[in-house]
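Please open the model in the viewer and display the whole chain.

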Amino acid sequence: MAVEEDLFAGLDEIGWGRMRHAYGSAAEVPGLLRDLIDPDPAVRESALDGIYGAVHHQGDVYPCTVAAIPFLVRIAERPDLPGRAGVVELLAGVGSAAPAADALAAALESTTRRALPHTDADAHLPWVIEWPRELPTVSPALRALSGAGDPRALPMLAWALDREPMPRDAGSLVIGFGPRAAPLMPLLLRRLRDLPADDPHDDRRDSVVRALGAIGPAAAEALPDLFGGPVTPAVLVALAAIVAVAGRCLDDDSEYAWRDAAGPLAELGQATKSQCTRLRRLARRKDPYGWLVLSAAHALWRITGDPAPALPVLERVWTTNVHTRRRVAVLWAELGPVAADSVPLLTAELGRLRRHNAREDGYSTAQVTEDERLLDHCRAALTAVGGVGLVRLGRESS
């Protein structure tokens, strides 16, 4: 009795009879709320059905739905109560989003038992539910928070994606976040490479592919893996999505959107005539930092196979922005002998005593790593463009 008085304090002071739900008066709502924590599972199930059927009918939200939220939140905050898991999922579905979503996220973030057997899941609030002879699944609570598009679900989904074995529905829940899921790219790429692609009963890899397609141009680095693996319907859809979004980005008025578009088109190696025209214009723009014109020139080279638009851009940005040099050196190596004019610049870089990324106001170990990578790329570029005899000199100088 004390528990009920605490949970439902003020419940009977609300004018439920003056409110309505999908089928009439909301006078029955207090009884439904109390039955949600009844010891009898059949009573709890009937109460939950009643709320979904009338108080939250087909996703609708009524005044009585909003008035019920504080009491649902109190139940969600009590892990010892029967029926709590169903209440948590109901809360997330109400969507009239912030108290319910906050309570759901807080409960999930505070749990210490992130994965539980299905027999224990109802009494606790895990992120993942384990099944005896099947793959694990994401819990209803985390599924609900993800379905609401709440960004607090992303770290939890990252944990699920990284788990062995990966839950069956973890990848599909990422899809709804679209470009906001870009921070999960390293995990999605790893799963793209290690999940089985030839098991008709395991669709986890296809769900990862669909998540990559939903991310859009930011998923461009996945294109080589998508092309290199089995071409399933999901792969075709993802490729079309990434490239279509890239095409739309070219029509945007944002420099960041243009750069986002150039990457996928470069990886794909294909573009429409109008897209190539747009890339040529971008490669000729005034760009004080060089990143945009470099991205456009790279894409043009990959798409057309013509080095002419890229060569002057590479030399210009090499001088304009020292931080572009690793990427420029990689492209010179890719271009080969046609980039022979880069030999003096590469040789000078290998002979510098003070490195390109040295700062007056501090240092970090990352600077050393980045510089070593640049030197390796410079040596590779010298070899590729025909300055082979200078590579040994470059090693001795550095």
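The model is a predicted one, in which local features need pLDDT of at least 70 and side-chain atom pairs count only at pLDDT 80 or more, while totals for chains, interfaces and linings use all residues. Residues are numbered from 1 along each chain as its sequence is written, and side-chain values use heavy atoms, with hydrogens and water left out.

**Whole chain.** Switch to a cartoon, which displays 21 helices and 5 strands (DSSP runs numbered from the N terminus; helices are H or I of at least four residues, strands E of at least two). The radius of gyration is 29 Å, well over the 21 Å that the globule rule gives for 398 residues, so the chain is more spread out than a compact globule. That radius is taken over C-alpha atoms, and the rule is 2.2 Å times the number of residues to the power 0.38. Along the principal axes, the C-alpha atoms fill a box of roughly 90 × 50 × 45 Å.

**Confidence.** Colour by pLDDT, the predictor's confidence in each residue, from 0 to 100. The chain has a mean of 85, and 90% of its residues reach 70 or more. Confidence is highest in helix 8 (residues 154-162), at a mean of 97, and lowest in helix 21 (residues 388-397), at 50.

**Helix 15.** Select residues 273-283; which of them are buried? They are Q275, C276, L279, L282 and A283, buried meaning under 20% relative accessible area, exposed over 50% and partly exposed in between (1.4 Å probe, protein chains only). These residues lie on the same side of helix 15 because they cover an arc of only 120 degrees around the axis, judged by the directions from the helix axis to the C-beta atoms. On the other side, K273 and S274 are exposed. The cover over the buried residues includes helix 13 (233-250), helix 14 (255-268), helix 16 (291-304) and helix 17 (310-320).

**S139.** Next, select S139, in the loop between strand 5 (137-138) and helix 7 (140-147). S139 is buried, at 1% relative accessibility. Its side chain reaches the backbone oxygen of P126 at 2.7 Å.

**I37.** Finish at I37, in the loop between helix 2 (29-35) and helix 3 (41-55). I37 has a relative accessible area of 9% and is therefore buried.

Note on methods:
A polar contact is a pair of N or O atoms within 3.5 Å; within protein, one must be able to donate a hydrogen and the other to accept it, and residues adjacent in sequence count only if both atoms are side-chain atoms. Contact means heavy atoms within 4.5 Å.
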